[in-house]
Amino acid sequence: MALPGALAVAAAVARLSWPGGQVLAVLPVGPWAITVTEAGLRAGTLAGARVLAMVAVVLASTAGVSAASLLGAARWLHVPATLVELASLMYRYLFLLREEAQAIVRAQSMRLGYAGGMQSVRCAAAAGALAFLRAYERGVRIHHAMLLRGYQGELPEERLPRLERQQLAYLAIGLVLLAGVVRAGSGAY
Amino acid sequence: MREGSTIRARIFPPMDARVRLLLGCAALGAVAVSGSAIVVLSIATFATIASLAAGLSVGSSLVAWRCPEPSR
């Protein structure tokens with residue numbers, strides 16, 4: 001949660017000086033000063049809260065569910081097949097690419113790479129280029145392998161059963177709760 | 001313990017991925033549209049509790065799971 005927290009703070013701080021309302025405070029930051037206005041504080045709080053809420057909602061929707069079932073659900077919701085296919089391939093090969101990049105960096109470090117400021121930049125650039133080349137070559141190989149296995153532009157789709165009554169009840173309760181929260185809080189700060 | 005968790009799973013089956021996705025989209029829409037920080041923070045709190053509960057549920061089912069005893 002450190003990265004979303006930092007993003008939320010950045011989104012809030014970026015809006016603190018929005019014009020409108022009274023000036024609440026002037027915060028000195030080194031040679032500069034951030035003027036906090038009433039409208040800015042409101043907009044900043046809302047932006048920060050939105051970042052945190054979106055991360056929390058995404059985590060709650062994906063916690064304890066396999067990526068395959070989520071992607072199947074996305075197809076069921078008529079998300080374009082190309083997007084779902086891309087997402088599934090990305091998910092499949094993301095960890096492999098990360099391992100490959102880590103292996104490259106480890107090999108460079110064992111050969112006295114990353115030993116100074118400019119050398120570190122050069123090593124990082126070389127590692128990035130090598131990782132890109134390997135990913136590209138792997139992509140070509142995977143495409144050939146898929147063609148050999150009868151791929152014709154679309155991955156086979158799993159037929160999902162109808163939603164059971166309990167699942168529909170979950171959906172209805174969730175939507176009612178959500179509508180209740182939004183309605184109760186409309187007009188609040 | 002295992003019997004209890006089986007009965008609980010029968011009464012409250014785990015949420016289907018489609019329902020999760022629909023509810024997640026609705027919640028994201030509400031967060032994007034709502035102009036109130038309190039509403040947005042309430043949705044964030046509710047979602048955090050839901051993901052913690054999902055984690056606890058997975059953990060408890062792992063604890064409840066046992067290998068069948070070998071027959072003699």
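A: Beyond its neighbours within four places in sequence, A:Gln108 is in contact with A:Gly113, A:Tyr114, A:Cys123 and A:Ala127, where contact requires C-beta atoms, placed from the backbone, to lie within 7 Å of each other. A:Gln108 belongs to helix α4 of chain A; helices here are DSSP runs of H or I with at least four residues, strands are runs of E with at least two, and both are numbered from the N terminus. Because 19 other C-beta atoms lie within 10 Å, A:Gln108 is partly exposed: a residue counts as buried with 20 or more such atoms, as exposed with 12 or fewer, and as partly exposed in between. The C-alpha atoms of A:Gln108 and A:Ala126 are 9.5 Å apart, with a separation of 18 residues in sequence.

The model is predicted: local features need pLDDT of at least 70 and side-chain atom pairs count only at pLDDT 80 or more, whereas totals for chains, interfaces and linings use all residues. Residues are numbered from 1 along each chain as its sequence is written, while chains are lettered from A and ligands numbered from 1 in the order in which they are written.

Helix α4 (81–110) also takes part in the packing of α3(A): together with α2 (38–62) of chain A and α2 (17–33) of chain B, α4 of chain A packs against the buried residues of α3(A). Those buried residues, in a helix covering residues 67–76, are A:Leu70, A:Leu71, A:Gly72 and A:Ala73. After α3(A) comes A:His78, with a positive phi near 65 degrees.

Chain A as a whole has six helices and two strands, in the order α-β-β-α-α-α-α-α along the sequence. Its domain assignment, from an automatic or database source, gives domain 1 (2–62) and domain 2 (73–148), and the centres of these domains, taken over C-alpha atoms, are separated by 34 Å. The C-alpha trace of chain A spans about 65 × 60 × 25 Å along its principal axes. Of the 189 residues of chain A, 16% count as buried.

Methods: Two residues are in contact if their C-beta atoms, placed from the backbone, lie within 7 Å.
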